[in-house]
Amino acid sequence: MVSVVNLVLFGAVLVGHTLLAAVLTRFFRIRLKTQWGYVVYSLLLIPVVLIVSTLVFFGVLPIGAGLNLDVPVLLGASVGMPLALGFAIDTLYVPPPEEYDLPETQ
C-alpha cells in the first residue's frame, strides 16, 4: 500500500534531483568555454551523480519502499526526468552566462 509519506518523499527526491541537474548544468555552462562542451559533460556526468544519489536514497534509505517500482521505472523517474527538466530549465529559462556583465579583476 502506498502511503502519503512515501509519495511526498519520492516527490522531494525528484525535486532535489531536478535542482541538482539544473545547478550542475549551469556550472558546466559557466566553466566550459566551448559551445558543445557543457552539453557533453551534462549528458555524461550528471546521470552518474543522479544514479549515485538514487542508490543512496532508494537503496540505503527506505524512501519509496511501498511504491513497488521496477528498476527501469525508478531510473527513468529519478534520473531521466530530472535530467531533462534540469537541463531544459537552465538552457531555456536562465539567461546565458555571456549576458552578465562582471567587473574587471585586477
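Biologist: Which residues line the largest pocket?
Modeller: Keeping in mind that this is a predicted model, the lining of the largest pocket is made up of Arg29, Ile30, Leu32, Lys33, Thr34, Gln35, Tyr38, Pro96, Pro97, Glu98, Tyr100 and Leu102.

Biologist: And what volume does the largest pocket have?
Modeller: The computed volume of the largest pocket is about 310 Å³.

Biologist: How do the residues of that lining divide into nonpolar, polar and charged?
Modeller: Seven of the lining residues are nonpolar, two are polar and three are charged.

Biologist: Is arginine 29 buried or exposed?
Modeller: Arginine 29 is buried, because its relative accessible area is 12%, and buried means under 20%.

Biologist: How many salt bridges turn up in the whole structure?
Modeller: A search of the whole structure finds two. Besides the pairing of aspartate 90 with arginine 29, there is a salt bridge in which the side chains of aspartate 90 and arginine 26 meet, at 3.8 Å from N to O. Aspartate 90 lies in helix H3, residues 71-93, and arginine 26 lies in helix H1, residues 4-31, so this pair ties together parts that are 64 residues apart in sequence. Taken together, Arg26, Arg29 and Asp90 are linked in a network of salt bridges.

Biologist: Why does aspartate 90 count as buried?
Modeller: Aspartate 90 counts as buried because its relative accessible area is 2%, and the cut-off for buried is under 20%. Arginine 26 also counts as buried, with a relative accessibility of 14%.

Biologist: Staying with arginine 26, how far is its C-alpha atom from that of isoleucine 89?
Modeller: The C-alpha atoms of arginine 26 and isoleucine 89 are separated by 9.7 Å, although the two residues are 63 residues apart along the chain.

Biologist: OK, what about leucine 83, where is it found?
Modeller: Leucine 83 is found in helix H3, and it is buried, with a relative accessible area of 14%. Its C-alpha atom is separated by 8.8 Å from that of leucine 20, a residue 63 residues away along the chain.

Biologist: And leucine 20, where does that one lie?
Modeller: Leucine 20 lies in helix H1, where it counts as partly exposed, with a relative accessibility of 31%. Leucine 20 and isoleucine 51 are 12 Å apart in space, C-alpha to C-alpha, and 31 residues apart in sequence.

Biologist: Phenylalanine 10 next. Is it buried or exposed?
Modeller: Phenylalanine 10, which has its place in helix H1, counts as buried at 13% relative accessibility. Between the C-alpha atoms of phenylalanine 10 and phenylalanine 58 the separation is 9.1 Å, and these residues are 48 residues apart along the chain.

Biologist: Switching to the surface, which residues form a nonpolar patch there?
Modeller: A nonpolar patch on the surface is formed by Trp36, Val40, Tyr41, Leu44 and Leu45, which together have about 550 Å² of accessible area.

Biologist: Where is the place of tyrosine 41 in all this?
Modeller: Tyrosine 41 sits in helix H2, which covers residues 37-60.

Definitions and conventions:
Residues numbered from 1 in each chain as written. Predicted model: local features only at pLDDT ≥ 70, side-chain atom pairs only at ≥ 80, totals over all residues. Heavy atoms only, no water. 1 Å grid on protein atoms, 1.4 Å probe; cavity = no way out; pocket = protein on both sides within 12 Å on 5 of 7 lines; lining within 4 Å. Points joined across faces, edges and corners; volume = space filled by probe spheres on them. Nonpolar A, V, L, I, M, F, W, Y, C, P; charged D, E, K, R; others polar. Patch = residues over 30% accessible without salt bridge, like charges linked within 9 Å, V, L, I, M, F, W, Y side chains within 5 Å. Areas by Shrake-Rupley, 256 points an atom, 1.4 Å probe, with all protein chains shown as cover. Salt bridge = Lys/Arg side-chain N within 4 Å of Asp/Glu carboxyl O. Helix = DSSP H or I, 4+ residues; strand = E, 2+ residues; numbered from the N terminus. Buried < 20%, exposed > 50% of the residue type's maximum accessible area, 1.4 Å probe, protein only.
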